[in-house]
Amino acid sequence: MNATVAMILALAVGTYAFRLVGPVLHGRVELPDRMRELLSAGAIVLLVALLATGALTEGGGFAGWARPAGVLTGAALAWRRAPFVVVVLGAAATTAVLRGLGLA
């Protein structure tokens, strides 16, 4: 067995172990309320960071103004509780129009 196959198997076992820990420890481990708040805030921070890097960067540099404008349009529509299709189409249309105007 070469090193690549061994690493893939190790990652597979680790992934399965992480998925198994939740159901196995459910009800046995009690987290303090403060820890739950911190974990919730941490998850939100990670999602916002992922959104920002995906919306603002491409190939290690700035993605241009069209993509962030599309993301902001989609976020505004989602905030106003527009249907999902409207959110996606609004964001795509905003990005397409700005790219068509040369604001890639």
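Why are arginine 34 and glutamate 37 separated by about one helical turn? Select both and you will see that they are three residues apart in helix H2, which is why about one turn lies between them; helices here are DSSP runs of H or I with at least four residues, numbered from the N terminus.

Before going on, note that this is a predicted model, in which local features need pLDDT of at least 70 and side-chain atom pairs count only at pLDDT 80 or more, while totals for chains, interfaces and linings use all residues. Residues are numbered from 1 along each chain as its sequence is written, and side-chain values use heavy atoms, with hydrogens and water left out.

Stay with arginine 34 and glutamate 37, which form a salt bridge with their closest N and O atoms 3.7 Å apart; the term means a side-chain nitrogen of Lys or Arg within 4 Å of a carboxyl oxygen of Asp or Glu. The whole structure holds three salt bridges.

Next, select arginine 36 and glutamate 30, whose salt bridge has its closest N and O atoms 2.9 Å apart. Glutamate 30 is exposed at 64% relative accessibility, and arginine 36 is partly exposed at 44%, where buried means under 20% relative accessible area, exposed over 50%, and partly exposed in between (1.4 Å probe, protein chains only).

Then select glutamate 58 and arginine 67, which meet in a salt bridge at 2.7 Å, N to O.

Finally, move to threonine 95 in helix H4 (residues 84-100), which is buried at 14% relative accessibility. Leaving aside neighbours within four places in sequence, threonine 95 is in contact (heavy atoms within 4.5 Å) with Ala66, Arg67 and Gly70.

Technical notes
Helix = DSSP H or I, 4+ residues; strand = E, 2+ residues; numbered from the N terminus.
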